[in-house]
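Me: I'm new to this one and would like to learn how to read it. Could you take me through it feature by feature?

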Amino acid sequence: MSEKRVYILISGVVQGVGYRYFAVRRAEKFDITGWIRNRLDGKVELEVEGEENNLNAFIEELKIGPLSADVTRIDIEQRQWTGEFNTFEVRF
C-alpha cells in the first residue's frame with residue numbers, strides 16, 4: 001500500500017455551493033484524511049493523505065465537485081506523507 005500526501009488548490013465557482021461538504025462526503029467514501037478550507041481569494045484549498053488509489057479517485061471527484069460548482073482549475077503539489085491526520089475536517 002502506497003500512502004501519499006498532497007496539497008490541492010481548487011479554482012472556479014467553488015465557494016457558496018457546498019463544495020467543502022461535498023469533499024467531506026467524498027473523503028469519507030475514499031478513507032481520506034486531512035482538511036479543507038475556503039480562501040479569501042475565492043479558491044478552496046486542501047491538504048490530504050490517503051492510499052494512492054483512493055487519493056486519485058478522490059481527486060477525480062474534486063475535479064467535478066457538486067452540481068452548483070464550476071471547477072476551472074485544480075493544482076496539486078506532492079508533499080511528504082506524515083500520517084498526522086486522523087479525520088477529514090472543514091477548517092475556518
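Reply: Buried means under 20% relative accessible area, exposed means over 50%, and partly exposed lies in between (1.4 Å probe, protein chains only). Keep in mind that this is a predicted model: local features need pLDDT of at least 70, side-chain atom pairs count only at pLDDT 80 or more, and totals for chains, interfaces and linings use all residues. Residues are numbered from 1 along each chain as its sequence is written, and side-chain values use heavy atoms, with hydrogens and water left out.

Me: Where is Thr-33 found, and what does Thr-33 touch, not counting residues up to four places away in sequence?

Reply: Contact means heavy atoms within 4.5 Å. Thr-33 sits in strand β2, and beyond residues up to four places away in sequence it touches Glu-47, Val-48, Glu-49, Phe-85, Asn-86, Thr-87 and Phe-88.

Me: How many helices and strands does the secondary structure of the chain come to?

Reply: Helices (H or I, at least four residues) and strands (E, at least two) are DSSP runs, numbered from the N terminus. Here there are 2 helices and 5 strands, and the pattern along the sequence reads β-α-β-β-α-β-β.

Me: Which strands pair with β1?

Reply: Two strands pair if DSSP finds at least two bridges between them. Strand β1 (residues 3-13) pairs with strand β3 (residues 44-51) in the antiparallel sense over 8 bridges, and Val-6 has Val-48 as its bridge partner in β3. β1 also pairs with strand β4 (residues 70-79), again antiparallel, over 9 bridges. There, Val-13 has Asp-70 as its bridge partner.

Me: Which residues touch the most other members in the largest nonpolar core?

Reply: A nonpolar core is a set of buried Ala, Val, Leu, Ile, Met, Phe, Trp, Tyr and Cys residues joined through side-chain atoms within 4.5 Å. The largest one has 23 residues, and Tyr-19, Leu-46, Val-48, Phe-58 and Phe-88 touch the most other members. Two or more residues come from each of β1, α1, β3, α2 (52-64) and β5 (88-90). α1 gives the most, with 5 residues.

Me: Is Glu-45 buried or exposed?

Reply: Glu-45, in strand β3, is buried, because its relative accessible area is 9%. Look at its polar contacts: a polar contact is a pair of N or O atoms within 3.5 Å; within protein, one must be able to donate a hydrogen and the other to accept it, and residues adjacent in sequence count only if both atoms are side-chain atoms. The Glu-45 side chain makes one with the side chain of Tyr-7 at 2.4 Å and another with the side chain of Arg-37 at 2.6 Å.

Me: What about phi of Asp-31?

Reply: Most residues other than glycine have a negative phi. Asp-31 has a positive value, near 60°. Find Asp-31 in the loop between α1 (19-30) and β2 (33-38); it counts as exposed because its relative accessibility is 61%.

Me: And what does the radius of gyration say about the chain?

Reply: That radius is taken over C-alpha atoms, and the globule rule is 2.2 Å times the number of residues to the power 0.38. With 92 residues, a compact globule would come out near 12 Å, and the chain's 12 Å agrees. Buried residues make up 45% of the 92.
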